[in-house]
There are 2 protein chains.
Amino acid sequence: MADVNPVLLDEQLCFSIYSASKKFNHFYQSALAPFGLTYPQYIAMLVLWEKAPLTVHQLGERLELDSGTLTPLLKRLEKQGWVTRVRSQIDERQVLIHLTEMATTKRDEVYSRIGQCQTLLDMSSEEIDSMMTELVTVKHQLDTVSNERLITKEVDKVN
Amino acid sequence: MADVNPVLLDEQLCFSIYSASKKFNHFYQSALAPFGLTYPQYIAMLVLWEKAPLTVHQLGERLELDSGTLTPLLKRLEKQGWVTRVRSQIDERQVLIHLTEMATTKRDEVYSRIGQCQTLLDMSSEEIDSMMTELVTVKHQLDTVSNERLITKEVDKVN
DNA sequence: AGCAATTTAATTGTATACAATACACTGGAA
DNA sequence: TTCCAGTGTATTGTATACAATTAAATTGCT
């Protein structure tokens, strides 16, 4: 029994990450409940607080999300008063996402709330650093593999 | 600049996990394309291959998913011929998920395909072990925190 | 037996995700 | 100038997720 099945280990790692991702999502959703923001909405706001306005495309690059996800998300943020969506005068294909005054005003409140909630997680910088380093490796492997054609479109079909 | 903002680091860790989860999802989806399975469908099959039949509830405990997610997922698996959904005779509230003959037949093909694709990831057992250990800690923290009322329902509202 | 409390699935509503497509628009080539 | 390739956003269709509610059935209690 010295041998470990790498297939299973890998699945467990994937499942752990999948599960952790869902838990984090839930954590942020709860933490942000006073503001009615979800985690994806929050990280969109984070990017915009850093530098707005941005086009949907620019935001998507930072968040690794496409317009199919962002367009409805941003419409919800607009409806809730966080952003405005303005079609660019220069290039009418682009939509610029601006922050509203409310968003600017509430930024520090949101930061403070997140800061408080994160304190509860009680994680050391070392832990966080180490995980992030390992995650970078994993993500790089995943990117590399998916760029090789072994796993892309022209894969052998099983019917 | 020796100080690091823990708020941001944490967000980066969360984002890293969120992003890795999406990439893994994509990886498995590509790997399983010959079988038309998604990652959540695949892990449902994994549990069932290990021990079937199971009720929706039992499956949900293993996968940390509720019936709102599983019911439609299992209906899709049924439509594609992997499982059958049979209401229990003993307790008619329960639905038992059975494997079809096709599912049993294809199991080794699926395992083999996954094994091949995972080899490409080229990750050492040490890397995997270390990540999983750290993820357990993080998930435990997230569980603990969400069980404290600081972040649950009766949170102060901001209007 | 009779009924309240509990359990279990399914349903409904909201919010992501992402592939594929549609569509408008821009900039450049002919 | 007209046409076209490329770009950026929106839309459509499919698949998760999960909270909240509903509905049906069982269990436990009297």
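Predicted model: local features only at pLDDT ≥ 70, side-chain atom pairs only at ≥ 80, totals over all residues.
I started with the contacts between the two chains: 67 residues of chain A are in contact with 67 residues of chain B.

Next I looked up the area. Chain A and chain B bury about 6700 Å² between them, and 68% of that is on carbon and sulfur atoms.

Then I went for the charged pairs. How many salt bridges does the rule find across the interface of chain A and chain B? I got 4. One I wrote down joins the side chains of A:Asp143 and B:Lys23, at 3.1 Å from N to O.

Polar contacts came after that, and I have 14 residue pairs across the interface of chain A and chain B, both partners at pLDDT 80 or more.

Which elements of chain A give two or more residues to the side that touches chain B? My list reads helix H1 (6-31), helix H2 (39-50), helix H3 (56-63), helix H5 (101-121) and helix H6 (125-147). H1(A) gives the most, with 23 residues.

I also sorted the residues on the side of chain A that touches chain B by type: 38 are nonpolar, 13 polar and 16 charged.

Last entry, on symmetry. I find that chain A superposes on chain B by a rotation of 180° with 0.0 Å of shift along the axis, and the RMSD is 0.0 Å.

Terms used:
Residues numbered from 1 in each chain as written. Chains lettered and ligands numbered in written order. Heavy atoms only, no water. Contact = heavy atoms within 4.5 Å. Buried area = accessible area lost by both parts, 1.4 Å probe. Polar contact = N/O pair within 3.5 Å; in protein donor to acceptor, adjacent residues only side chain to side chain. Helix = DSSP H or I, 4+ residues; strand = E, 2+ residues; numbered from the N terminus. Nonpolar A, V, L, I, M, F, W, Y, C, P; charged D, E, K, R; others polar. Least-squares fit on C-alpha atoms with pLDDT ≥ 70 in both.
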